[in-house]
Amino acid sequence: GTTKVGSTLYNYQRIVSTRYDGSSPIGYKMEADKYGYFLQFAWTIGQNEQDKSHMLMALDGDDHTFNLPAVHLVNLETGEKKLVEKNGRGMSHWVADNNGKLRIGIRYKDSNRDYAIFYRETETSPWQELQKVKLANNDRLEVYDFDPKDNNILLVSTDQLEDARERTTPGIPQKLYRYNLTTRQIEGEY
């Protein structure tokens with residue numbers, strides 16, 4: 001979509017779903033923040049495999065932070081949404097586990113190029129800092145998802161173990177690694 005704020009046009013993504021045959025399209029409603037801006041990049045975050053009728057989505061920005069997503073649980077049949085997580089920590093990206101629980105938040109501060117990964121054991125546990133480094137640091141972990149068979153294992157890439165110059169597609173890792181959330185160490189390739 002496109003919206004006009006003052007004299008400037010801004011583009012933003014929309015998420016739409018349909019049944020497998022293209023019928024019953026649903027457009028998920030996005031809300032502008034108090035300044036009139038929409039979240040520029042909407043995306044799906046995760047789903048509980050036992051509940052196929054709901055999904056976590058980043059549709060709206062938090063009113064107090066520009067272009068940083070809040071998280072909603074969205075009903076895939078009706079499009080109705082319920083706020084799950086405000087964005088009080090300034091997260092730019094979220095990752096849910098295999099049970100559809102929000103457990104990883106990633107924060108990037110453009111002003112000083114700090115990159116931080118936050119983790120929590122359950123939805124009610126406090127957030128813990130898993131890693132904080134400069135964006136250009138070779139030890140930086142890039143989180144992709146949870147291991148589909150183990151909610152204690154993150155799938156990550158890192159330039160520490162992979163030469164970025166050898167990638168066939170820029171920004172896409174050659175390998176993913178298993179990162180154990182208990183030991184806080186990489187256990188090997190996925």
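User: Trp-94 and Trp-127: buried or exposed?

Analyst: Both Trp-94 and Trp-127 are buried. Keep in mind that this is a predicted model.

User: OK. How many aromatic pairs does the count come to?

Analyst: One aromatic pair. Trp-94 and Trp-127 form it, with 5.9 Å centre to centre and 50 degrees between the planes.

User: Why is that called tilted?

Analyst: Because planes under 30 degrees apart would count as stacked and over 60 as edge-to-face, the 50 degrees between the planes of Trp-94 and Trp-127 make the pair tilted.

User: And where do the two sit in the chain?

Analyst: The pair links distant parts of the chain, 33 residues apart. Trp-94 is in strand S9 (residues 93–96), while Trp-127 belongs to the loop between strand S11 (114–119) and strand S12 (128–134).

User: Switching to sheets. What's the strand order in the one with S5?

Analyst: The order is S5-S6-S7-S8, an open sheet of four strands with antiparallel pairing. Strand S5 (43–46) and strand S8 (81–85) are the edge strands, each pairing on one side only. On average, neighbouring strands there are turned by 40 degrees against each other, direction ignored.

User: How many bridges join S7 to S8?

Analyst: Four, with strand S7 (residues 71–75) running antiparallel to S8. As an example, Val-74 has Lys-81 in S8 as its bridge partner.

User: Which residue stands opposite Glu-142?

Analyst: Ser-157 in S14. S13 and strand S14 (residues 150–158) pair in the antiparallel sense over six bridges.

User: Last topic, pockets. What volume does the largest one have?

Analyst: The largest pocket comes to about 200 Å³.

User: And which residues lie nearest its centre?

Analyst: Gly-61, Asp-62, Asp-63, Ala-70 and Leu-83, out of twelve residues lining the largest pocket.

User: How does that lining divide into nonpolar, polar and charged?

Analyst: For the largest pocket, the lining has six charged residues, three polar and three nonpolar.

User: Great, thanks.

Definitions and conventions
Residues are numbered from 1 along each chain as its sequence is written. This is a predicted model: local features need pLDDT of at least 70, side-chain atom pairs count only at pLDDT 80 or more; totals for chains, interfaces and linings use all residues. Side-chain values use heavy atoms; hydrogens and water are left out. On a 1 Å grid over the protein atoms alone, a cavity is a set of points where a 1.4 Å probe fits but cannot get out, and a pocket is an open set with protein on both sides within 12 Å along at least five of seven lines; lining residues have an atom within 4 Å of a point. Grid points are joined across faces, edges and corners, and a volume is the space filled by probe spheres set on the points. Ala, Val, Leu, Ile, Met, Phe, Trp, Tyr, Cys and Pro count as nonpolar, Asp, Glu, Lys and Arg as charged, and the others, Gly among them, as polar. Two strands pair if DSSP finds at least two bridges between them. Axes are lines fitted to C-alpha atoms, for helices over the stretch in contact, and angles run from 0 to 180 degrees between N-to-C directions. Rings of Phe, Tyr and Trp (its six-membered ring) pair if their centres lie within 6.5 Å; planes under 30 degrees apart count as stacked, over 60 as edge-to-face and the rest as tilted. Buried means under 20% relative accessible area, exposed over 50%, partly exposed in between (1.4 Å probe, protein chains only).
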